[in-house]
Amino acid sequence: MGFEPNSSPEWLEALYTTWQRTPDSLPEDWSEYFSALTDEASGTTKPASSQELLKHSAVQSLIYRYRDIGHLLACTDPLSPCPTSHPLLDLSAFGLGVEDLDLRFVLRNFPLPEASLRDILDLLRETYSHSIGAEFMHIQSPLERGWLKDRMESCRNHLQVSASKQLRLLEKLQQASLFEEFLHKSFLGQKRFSLEGGEALIPLLDEVVERCPGMGVCNLVLGMAHRGRLNVLANVFGKPMENIFSEFEDNREFGFVGDGDVKYHVGFSSHRTFQDGRSLHLTLAANPSHLEAVDPVVQGKARALQEDHGKEGGKRVLPVLVHGDAAFAGQGMVAEVLNLSQLRGYSTGGTLHVILNNQIGFTTSPQDSRSTCYSTDLAKMLMVPIFHVHGEDPEAVLQAVDLALDYRQTFGQDVILELICYRRHGHNEGDEPLFTQPLMYQRIKDRPRPFELYEQKLLEQGVEAATLARSRTAFEQQLELSRQLPPRAMGNGFDGKWAHIHKAYESASVDTTLLPGRILNLGKNLFRLPEGFNAHPKIAKLLRKRLASLHPGSQIDWPTAEALAFASLIDEGHPVRLSGQDSRRGTFSQRHSTLFDLESGQEFCPLQELSGAAPFRAYDSMLSEAAVMGFDYGYSLERPDGLTIWEAQFGDFTNGAQVIIDQFITAGESKWDRASGLTLFLPHGYEGQGAEHSSARIERFLQMCAEENLLVTIPSTPAQLFHLLRRQVKQRFRKPLIVFTPKVLLRHPDCTSSLEELEGGSFEEILTPQPQQRASTLALCCGKIFYEIKARQTKEKREDIVLVRIEQLYPLRYDLLGDLSQHFEGVRNLVWIQDEPLNMGAWSHLRSQLTDIFGKEPVFIGRKASAAAAVGSHRLHNEEQARILDRLFLMP
């Protein structure tokens, strides 16, 4: 029941009578309204006619509606006249008129206890319909909504800015404008994705940085696309000008690492120490041109840093994301990242989202790029405040960002700040925007720069507004310096917590063994139930079976070996994070890392109960590949000594995160000098389940392999997995690890390993049998097909076929395969056999390499080339599989 301005007097009288009898029976707003008509001193009700009641209700409706939609009257667009009326906010919409402006009304939960309608309107318009338009009434929490209302109405959403603060604002606006002007004149025609028109972003971020120490924030992690990035680097992060100019001069000899990247994609970090001794570390995450792809990476980095600070980590590390208006509305990654914000495995205590609204996306106008009123409307899914701010009112920008930061620190929620501005040039400096937006750019062409407008305002207020920004002469000196000397050393991706990590790949064996008896000790703690815990009977039986398998003479299956690998790493001080869809139980009901009490629902995670120095964290993710993988990649950047795993529900679904794989995992170190040890678990195997449940696309990962950028593996035994996971943390370098994990082999009776193989073995890139004198066929393979061949070989007693498993597909161990080729130099048939079609799997990648190693091209045995990864018919699958095996066993 809301406030209805056209309600009849009779209805109001009846409602008033109801309130007098049972006050708690009415909604909160009506109760507050009628309470406002009560004389609290005497406890008697002020006499009120039906007409007076109606006008009072109309005023309450007016107040509510301004809080709800006052933003529709806000003056926030620099390129358009300020709106002066809206039919839903006109006095006539409430049954009021100009004749009522001087009537006085008693109010409750309003800054003015009693006021005229004129004064009420003034307060409402200044608060909700000036340079800040606030959307917050969609928030369901009365506490949060009340907090925002009180904060805004108590100061009319205006910040009292000191003269020194005003000069600081002017200085930052000047710096932003003059920096762009110098680049434009000095590097004519070069792309820089200018911030001009949106210079208010610089004082906004400057205020965030200045506020952080006082809020207890010691780390700020920023993600943004290319628009204005160079300006932010120069005027917020303090990147030396000579370094920026060197990049424009394309001085490769001055410090490029790997392939490098364009100057408006690279990351940067700096450290600020303030006058009171407090400090702040700032990180700008490297990003590709794929708009919004960096968002989950920033969240993952922030989460890892927050965990380092313990329970208060959410208040100590602040993630900030700068979006474009078209990208925020159009890129699905935004919705995925917003959805992560309150999930226990992915929350970061609230993100400050800044939308730099240029009112255009490349050449596309808003009416063609979104179906919503605002570019920010997607964010209402979270019920968090949204502030729309005039991009040429820097004091309003400060008020909005201060309010946003205080809300974030108080409630641990995301907050949205839309900076409505414009783009002075085209998408890049070579574009002509008049081709597609002639009217808009005619208005922009002669518009004064934001600092000039603000400078004029300060002069009118009597504030001495001298030019404080760098002069062109200073820029010229730094440009000349960049041409003569190498740029200032700014560190690299192997500093700080990465300093002990080697950059280069090493093929040397890594010691992953354990002392005898240690696995059994770990298992006794791992495969037990706490006193009084009511586990599912099948789970209790499974734990007993796993514990029994740790004794000599028994065989350990895949899930048990995996759990023991995690436990051994945790026990040695290496944190483990496992994240993915259904990962705690496992897609195939194999893992059961978290158990649930049948009676209470209480959770129990045995790996978290180990007494080691490092934590184990396992999370069931939301139904997303891109955002969650991006999050875990970002997390891995802050965990050089941990094992961070993203697991696909099925490996086939990995292509939902192809942007993260292509731009970050595959090329991040080469482009940005940022190593990652992220591990991907990708279930893979042709078992007759159709095109979407068979292939993790081995061929795509191998196609991206070069310069030893990835480790691509397909382990075929539990011991191989055990040592592979331990090797990933124990080796001296870090590379992303791709693991094609099995499905049917999880419970295959022959896919087991002994206790001795776990305690004393190591990961072997090539699994080879002993040379056989009768061998006529050398069959190279990987994955589960080995077990099918082995079963038929045993059945037919075929000792002439030698099976070699390539467990690490990249980097390929040429030396080991070279030794193998010498042992089997006289073999008649050399075969590569795989489940996958001819145009898929490892064959295309390995074909030329195996030919070089063995001196002849192997015969391919597998499915014919196919558009789909697999057939949909289980019967047809079995027929194809039989033909593959027949071809091998019928070879002469």
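Me: How are helix 10 and helix 13 oriented to each other?
Reply: In this predicted model, local features need pLDDT of at least 70, side-chain atom pairs count only at pLDDT 80 or more, and totals for chains, interfaces and linings use all residues. Residues are numbered from 1 along each chain as its sequence is written, and side-chain values use heavy atoms, with hydrogens and water left out. Helix 10 (residues 295-308) and helix 13 (residues 332-340) pack with their axes 9 Å apart and at an angle of about 25 degrees, the axes being lines fitted to C-alpha atoms over the stretch in contact and the angles running from 0 to 180 degrees between N-to-C directions. Because angles under 35 degrees count as roughly parallel, helix 10 and helix 13 are roughly parallel.

Me: Which residues of helix 13 make the contact with helix 10?
Reply: Contact means heavy atoms within 4.5 Å. On the side of helix 10, Asp 295, Pro 296 and Gln 299 take part, and the residues of helix 13 are Met 333, Val 334 and Val 337.

Me: How many residues of helix 22 are buried?
Reply: A residue is buried under 20% relative accessible area, exposed over 50% and partly exposed in between, with a 1.4 Å probe and protein chains only. Helix 22 spans residues 626-636, and its buried residues include Met 629, Phe 631, Asp 632 and Tyr 635. The helix is mostly covered, the count of buried residues being 11 of 11.

Me: Why is the pair of Phe 494 and Trp 498 edge-to-face?
Reply: Rings of Phe, Tyr and Trp (its six-membered ring) pair if their centres lie within 6.5 Å, and planes under 30 degrees apart count as stacked, over 60 as edge-to-face and the rest as tilted. A search of the whole structure finds 20 aromatic pairs. For Phe 494 and Trp 498 the ring centres are 6.4 Å apart, and the pair is edge-to-face because the planes stand at 85 degrees.

Me: Which residue lies over the face of Phe 786?
Reply: Phe 786 is buried, with a relative accessible area of 10%. A charge sits over a ring if NZ of Lys or CZ of Arg is within 6 Å of the ring centre and within 35 degrees of the ring normal. At 3.6 Å from the ring centre of Phe 786, the residue over the face is Arg 805.

Technical notes
Helix = DSSP H or I, 4+ residues; strand = E, 2+ residues; numbered from the N terminus. Parallel < 35°, antiparallel > 145°, perpendicular 65-115°, else oblique.
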